Amino acid sequence: MEDKLGRFISLYRGPCHTHKVQRLSESTSYTFRIQAFNEAGEGPFSPLYTFTTPLSPPAPLKAPRIERLDDHACEVSWEPMPPMKGDPIIYILQCMMGNSDFKQVYKGPATSHQVPGLQPNCDHRFRVCAIRQCQTPPT
């Protein structure tokens, strides 16, 4: 793999035909070349291959906290996530009542939301996810 100074460094030597490169940065181009060798000697280097890593999605959030406000409402809150390389984060909160499908009850930048209209004697499950709002389109 080519380093920042334009030199190639060896990442793997061995019999496998694949190798997973760890700890790459998001939205960054990397240049690779491959060389085969055996007991008879070393072969030529392959043509250069340049790959660009995609933007990283946000990490999963911890389970939200739920505070009951009355018999028909609750407030759901979750840990904030810092912006990712300047890209703001918004959240989607979903609720499942009984055995129904999850339905979206909130989308926005806040880290809590009051949910009215809860049905009595019914299980309610909540989940939240973070969404990265990319300011620059991926290349």
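**Pockets, a sheet and some cysteines**

Modeller: Happy to! This is a predicted model. Let's begin with the second largest pocket: β5 gives the most to its lining, with 3 residues.

Colleague: Which elements give two or more residues to that lining?

Modeller: The second largest pocket is lined by 14 residues. The elements giving two or more of them are β5 (65-70), β6 (73-77) and β10 (124-132).

Colleague: And which residues lie nearest its centre?

Modeller: Those are R68, D70, D71, L118 and H124. By class, the lining has 7 nonpolar, 4 polar and 3 charged residues.

Colleague: What volume does the second largest pocket have?

Modeller: About 200 Å³. The largest pocket has a volume of about 910 Å³.

Colleague: How many residues line the largest pocket, and which are closest to its centre?

Modeller: There are 27 lining residues, and Y12, H19, R33, I34 and Q35 are the closest to the centre. At least two lining residues come from each of β1 (29-32), β2 (35-38) and β4 (49-52).

Colleague: How does that lining split by class?

Modeller: In the largest pocket, 17 lining residues are nonpolar, 8 are polar and 2 are charged.

Colleague: Changing topic: back to β5. What is the strand order in its sheet?

Modeller: The order is β5-β6-β9, in an open sheet of 3 strands with antiparallel pairing. β5 and β9 (112-115) are the edge strands, each pairing on one side only. On average, neighbouring strands here are turned by 20° against each other, ignoring direction.

Colleague: How many bridges join β5 to β6?

Modeller: 5 bridges join these two antiparallel strands. In one of them, D70 has A73 in β6 as its bridge partner.

Colleague: Now the cysteines. How many disulfides are there?

Modeller: The count comes to 0 disulfides. For C95, the nearest cysteine sulfur belongs to C74 and is 7.2 Å away. The cut-off for a disulfide is two cysteine sulfur atoms within 2.5 Å.

Colleague: Is C95 buried or exposed?

Modeller: C95 is buried, with a relative accessible area of 3%.

Conventions:
Residues are numbered from 1 along each chain as its sequence is written. This is a predicted model: local features need pLDDT of at least 70, side-chain atom pairs count only at pLDDT 80 or more; totals for chains, interfaces and linings use all residues. Side-chain values use heavy atoms; hydrogens and water are left out. On a 1 Å grid over the protein atoms alone, a cavity is a set of points where a 1.4 Å probe fits but cannot get out, and a pocket is an open set with protein on both sides within 12 Å along at least five of seven lines; lining residues have an atom within 4 Å of a point. Grid points are joined across faces, edges and corners, and a volume is the space filled by probe spheres set on the points. Helices (H or I, at least four residues) and strands (E, at least two) are DSSP runs, numbered from the N terminus. Ala, Val, Leu, Ile, Met, Phe, Trp, Tyr, Cys and Pro count as nonpolar, Asp, Glu, Lys and Arg as charged, and the others, Gly among them, as polar. Two strands pair if DSSP finds at least two bridges between them. Axes are lines fitted to C-alpha atoms, for helices over the stretch in contact, and angles run from 0 to 180 degrees between N-to-C directions. Buried means under 20% relative accessible area, exposed over 50%, partly exposed in between (1.4 Å probe, protein chains only).
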